[in-house]
Amino acid sequence: MKTLIHNIGRLCGILPPSVRCLEGEAMSRVEYLEDAWLEITDGRISAFGPRASLPEYNGFHALPGLTGAPSRPECEVDELIDAEGGFVMPTFCDSHTHLVYAGSREGEFRDKIAGLSYEEIAARGGGILNSADLLHMTSEDELYRQSLRRVHEVMAKGTGAIEIKSGYGLRTEDELKMLRVIRRIRDSVPVKVRATFLGAHAVGREYASDREGYVDLVCREMLPRVAAEGLADYVDVFCDKGFFTPEDTARILQVAADFGLRGKIHANELAVSGGVQTGVNHGALSVDHLERTGDEEIDCLKGSGTMPTMLPGASFFLGMPYGRAKDFIRAGLPLALASDYNPGSSPSGDMRFVMALGCIQMKLTPEQAFNACTINSAYAMGVEDCLGSISVGKLGSVIITEKLPSLAFIPYAHHTPFIRRVIFPSL
Ligand code: NIG
Ligand code: FE
């Protein structure tokens, strides 16, 4: 199956296939070709180039600007898409979400508006525990149905890869239920899905005054079962004030490593938690949130291979400080952005809005925000070998837009509908 997208105004996000992520100064450039074409063969990008280099395709030589060379049957395309001068770019990679959840929490939204903080709501038994109660009462099929809707919603907004966490179960069977739903989603949509086991999202109700007992449950019962069923790609811990300590986190990451699972840690959202250091010391793939970080955290990330990931949607929704994105990049670090799509701190998975917040609130340039939402977020979920850039050999997962004046228009006019089509590789 061959698809040819022609008449592309700008093909953006081109990278050599060997580039795994962009760091520091390199984040400021987005390579592109103007007046280009892109060929996808059997779901993978097989070639691209400027109009003048377009190979001769059957029935295609009549297009303006091309000579009428005789067609070659072996070059026939099955699908010809006219981009009408729009942009073609890689789909967004959303490396941090909790989009499998039951119901919603707009009651707490009212509490927040009335002045309660995230921690106060959690301390009153709301927050994550509230979602855990709802999830417990929801069947696996219903949970799948509700969650799949959210996946379709973000696919239409241009997301082509998504990491989804458990963490609203907090009981072994409910955590497994969530992870099975994530697996069903993975098997039924053409986006790349990565599953993360987040049993240590909050201490389950049955262990209210026994955090250590709950960590035991995570390490001794949950993790072995998750690993035995092959339900997770990564393991996460909410390492923060009022939730889990760096010691709990280290213990869980150690057990995870014994099962061959790498960490992706929630750190430094509510306080300077030590989570960044713990994540880096255990070779975590990413440390996420980072609303509150000092220079020590920046230093410890240097050369670590751990992707710092910021979630500006949570800062926006909870009225928290935004992460020091510019300082991270100035220090030569890479940076990823993700949506954190969840019912409590970021009820949106719109990566274009994330890009806009990155620019408006964190002062990233549009190019830095673009790279943070594509190649770097691909790295943060371990899919950079097949997604996150326009590169020969990667999956043909691309957004085709209306004609746009420039890359900056994407975060600038952040709610103007401009996506004409999102192409996903066939399953
Ligand atoms: O990433 N911080 C921890 N977990 C989520 C929020 C979960 C919730 O409130 O339901 C987050 O913000
Ligand atoms: Fe989160």
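**Ligand and iron sites in the predicted model**

The shell around ligand 1 comprises four nonpolar, eight polar and three charged residues (Ala, Val, Leu, Ile, Met, Phe, Trp, Tyr, Cys and Pro count as nonpolar, Asp, Glu, Lys and Arg as charged, the others, Gly among them, as polar). The model is predicted, local features needing pLDDT of at least 70 and side-chain atom pairs pLDDT 80 or more, while totals for chains, interfaces and linings use all residues. Residues are numbered from 1 along each chain, chains are lettered from A and ligands numbered from 1 in written order, and side-chain values use heavy atoms, without hydrogens or water.

Ligand 1 is surrounded by 15 residues (a heavy atom within 4 Å), of which Tyr118, Tyr168, His201, Glu269 and Ser345 are the closest. A side-chain N or O atom of His201 lies 2.7 Å from a nitrogen atom of ligand 1. Oxygen atoms of ligand 1 are approached by polar side-chain atoms of Arg105 at 2.9 Å and of His289 at 2.8 Å. The protein covers 100% of the 320 Å² of accessible area that ligand 1 has on its own (Shrake-Rupley method, 1.4 Å probe).

The iron ion (ligand 2) has as protein donors (N, O and S atoms within 2.8 Å of the metal) His96 (NE2), His98 (NE2), His266 (NE2) and Asp340 (OD), at 2.1 to 2.3 Å. Their sequence spacing is H-x1-H-x167-H-x73-D. His96, in the loop between β6 (92-94) and α1 (106-113), and His266, in strand β10 (residues 262-267), are 170 residues apart.

Technical notes:
A polar contact is a pair of N or O atoms within 3.5 Å; within protein, one must be able to donate a hydrogen and the other to accept it, and residues adjacent in sequence count only if both atoms are side-chain atoms. Donors are N, O and S atoms within 2.8 Å of the metal (3.2 Å for Na, K and Ca); water is not among the atoms, so sites may look incomplete. Helices (H or I, at least four residues) and strands (E, at least two) are DSSP runs, numbered from the N terminus.
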